[in-house]
Protein chains: 2
Amino acid sequence: MTTIIAKAAAVGGGVIGAGWVARLLLNGIDVAIFDPDPEARRKVGEVMKGARRAYKQMLPGGLPKEGRLTFARTIAEAVADADFIQESVPERLDLKHKVLAEIDMHAPANAIIGSSTSGIKPTDMQVAMKKHPERLVVGHPFNPVYLLPIVEIVGGEQTFPEAIEVAKEIYASIGMKPVVIRKEIEAFVGDRLLEAAWREALWLIKDGICSVEELDDIMRYGFGLRWAQMGMFQVYRVAGGEAGMRHFMAQFGPCLKWPWTKLMDVPEFNDELVDLIASQSDDQSGKWSIRELEKIRDDNLVAIMEALSKQNKGKGWGAGAIHKAYTKQLGDLASKKKPAASKAAVKAKAAKPVKKAVAKTKKKVAAKKKG
Amino acid sequence: MTTIIAKAAAVGGGVIGAGWVARLLLNGIDVAIFDPDPEARRKVGEVMKGARRAYKQMLPGGLPKEGRLTFARTIAEAVADADFIQESVPERLDLKHKVLAEIDMHAPANAIIGSSTSGIKPTDMQVAMKKHPERLVVGHPFNPVYLLPIVEIVGGEQTFPEAIEVAKEIYASIGMKPVVIRKEIEAFVGDRLLEAAWREALWLIKDGICSVEELDDIMRYGFGLRWAQMGMFQVYRVAGGEAGMRHFMAQFGPCLKWPWTKLMDVPEFNDELVDLIASQSDDQSGKWSIRELEKIRDDNLVAIMEALSKQNKGKGWGAGAIHKAYTKQLGDLASKKKPAASKAAVKAKAAKPVKKAVAKTKKKVAAKKKG
């Protein structure tokens with residue numbers, strides 16, 4: 001697959017926004033970014049530097065020509081001629097409303113708008129979009145965006161199914177693994193799981209059962225290695241042995257009733273807890289700067305995906321299969337095997353369903369709501 | 001480090017028990033196993049076959065001479081001359097009591113007894129041991145035991161600190177990463193985190209938010225890749241950016257108050273839920289047999305650890321550093337670089353603290369309880 005985005009816009013250039021910018025630019029896509037932070041240029045530059053470094057390891061033969069990055073003075077200017085816009089502003093509904101309304105006002109009618117929100121329902125956001133709310137999707141990535149393939153796609157009540165289809169194609173075209181969430185809920189799937197684990201972890205630290213380093217070690221020398229390649233259910237299916245999933249469920253289902261978690265409550269989030277965790281984190285990682293840790297993390301992620309790309313009889317497994325296809329695509333792009341003409345053709349083809357979607361009457365949306 | 005175990009015993013030969021047997025045998029250690037299951041020999045043989053296959057990939061130069069496996073007719077016979085005994089019987093307190101009492105009765109006084117329980121407190125188990133309860137520790141591994149390095153060590157009220165020290169040495173000597181849990185709680189640390197995620201996952205499936213395959217994909221294309229190399233806290237420290245952990249906590253702490261989890265309750269565990277999950281699991285993984293999935297899992301684990309072993313300027317990172325040392329140790333053992341004499345010497349040295357520990361008066365235990 002080659003990219004189907006001719007021109008992208010990013011609104012918000014924090015860790016997540018800059019991660020999107022890096023992924024897009026490294027795919028040779030021009031990006032216009034709007035971020036009112038006077039430090040935005042420096043911050044995006046630093047994420048870009050880290051991303052470039054990681055991609056050089058993925059592509060020893062050379063990177064594709066980078067897209068051009070422009071800093072826009074307004075949202076209107078940034079989104080004016082974009083066919084894909086990713087919003088990554090802080091997680092406040094009022095701010096999302098303000099920003100999405102402005103994007104909607106100025107973006108081309110057939111542009112897809114993805115929101116990086118990690119928790120707010122698209123239905124609650126798209127109410128602010130007066131022109132084309134039907135082309136808003138949540139496209140929730142995980143940090144670092146330029147390396148981790150996953151993106152959770154969530155549609156709201158007004159989102160057209162066609163917009164979700166095009167969003168899937170767009171994200172897949174830049175090396176990602178889109179998973180469409182079936183029903184809207186706050187925090188979707190990934191962050192629900194992370195929040196559950198985080199809450200339990202806070203209890204474990206607060207109660208002095210272990211330190212943050214010990215907890216991290218239990219993950220990274222243990223089940224983290226499993227979850228990098230199979231998820232929870234597939235791992236348990238295997239653990240069930242010859243009898244499989246049903247046997248596992250029968251055996252471990254009752255454990256849910258055991259006094260095995262602090263499920264009832266959230267620990268009080270006070271200065272004492274923050275101090276405890278921050279100082280333990282210093283003990284664990286204070287010897288590295290954040291920049292150094294980012295490099296270590298990125299090197300490890302590339303190495304793991306590379307390793308997985310050789311599994312499954314050379315076809316690649318899980319993130320490794322995506323990684324294999326992605327690095328091939330980027331390598332082809334670097335050696336310009338794909339003529340620019342076909343890029344435009346693919347784009348036109350992909351854009352069609354959205355145009356059609358946008359043209360559809362509100363009746364359809366109403367029907368979908370009932371269905 | 002070379003092994004400090006001359007003769008080991010395993011009581012229980014299910015997936016976990018057989019995994020211990022495999023790890024021990026592949027380290028050249030003789031093991032006597034007791035398992036009343038008439039199928040035990042076949043089941044252990046199959047796990048052993050899988051483990052041997054995985055180790056061959058880790059050690060293309062050849063494996064160490066395997067230890068000798070004997071099937072004992074009684075617990076007494078299995079543990080008679082063992083200096084390390086690992087108990088892996090089903091998770092019922094009455095059964096643990098019966099089995100541990102028998103092990104305690106017949107094992108040499110200075111043998112260390114590890115229990116594979118994934119949830120029962122050692123204090124609740126060691127009450128059944130009339131002779132030397134002070135040498136019982138929980139040594140909780142994760143499946144597959146022959147590959148995953150982590151082992152959670154937990155002492156009970158009667159456990160001597162010296163026994164924990166020796167247990168650490170023993171587990172480390174067979175390539176594992178021991179983490180000592182600071183306070184006894186049910187399910188310790190790893191399974192608390194797993195239970196929290198599992199409970200949330202059951203809700204997500206039950207409510208139709210996603211399928212088991214989609215949930216697994218969100219893990220293995222996303223945060224699973226992070227947790228294979230850094231844990232939750234180190235990942236978040238990096239995500240906090242230049243301001244680090246304190247910034248992250250300040251930013252995301254309030255999320256705990258959002259309606260982001262189903263923390264209040266456990267979904268009703270009925271046939272409908274089991275059917276839903278089992279049939280979705282069939283859709284996801286039915287194309288592979290459990291044996292095939294085990295091979296895929298093991299290949300992936302070896303590849304990931306291998307990849308991590310080359311990181312951190314060649315010193316290895318996390319599980320990769322352990323993997324590097326472990327494969328070197330096994331390689332040395334295979335080429336018999338370590339004379340057998342030194343093995344006995346190391347063993348004698350390591351065993352000393354336990355002998356001393358056992359000799360100590362009950363006063364010490366009483367003092368420890370107060371402290």
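Colleague: How are H12(B) and H13(B) oriented relative to each other?

Modeller: Axes are lines fitted to C-alpha atoms, for helices over the stretch in contact, and angles run from 0 to 180 degrees between N-to-C directions. Angles under 35 degrees count as roughly parallel, over 145 as roughly antiparallel, 65 to 115 as roughly perpendicular and the rest as oblique. In this predicted model, the axes of helix H12 (residues 290-309) of chain B and helix H13 (residues 319-334) of chain B cross at roughly 95° and come within 7 Å. H12(B) and H13(B) are therefore roughly perpendicular. Helices (H or I, at least four residues) and strands (E, at least two) are DSSP runs, numbered from the N terminus.

Colleague: Which residues make the contact of H12(B) and H13(B)?

Modeller: Two residues are in contact if their C-beta atoms, placed from the backbone, lie within 7 Å. H12(B) contributes Met305(B), Glu306(B), Leu308(B) and Ser309(B), and H13(B) contributes Ala319(B), Gly320(B), His323(B) and Lys324(B).

Colleague: What about the numbering and the confidence limits?

Modeller: Residues are numbered from 1 along each chain as its sequence is written, and chains are lettered from A and ligands numbered from 1 in the order in which they are written. Because the model is predicted, local features need pLDDT of at least 70 and side-chain atom pairs count only at pLDDT 80 or more, while totals for chains, interfaces and linings use all residues.

Colleague: In what order do the eight strands of the open sheet in chain B lie?

Modeller: Two strands pair if DSSP finds at least two bridges between them. The order in chain B is S3-S2-S1-S4-S5-S6-S7-S8, with mixed pairing. Strand S3 (69-71) and strand S8 (177-180) of chain B are the edge strands, each pairing on one side only. From one strand to the next, the twist averages 25°.

Colleague: In which sense do strands S6 and S7 of chain B pair?

Modeller: Strand S6 (residues 136-141) and strand S7 (residues 150-155) of chain B pair in the antiparallel sense, over five bridges. In S7(B), Ile153(B) is the bridge partner of Gly139(B). Helix H8 (residues 212-227) of chain A packs on the sheet and touches S7 and S8 of chain B.
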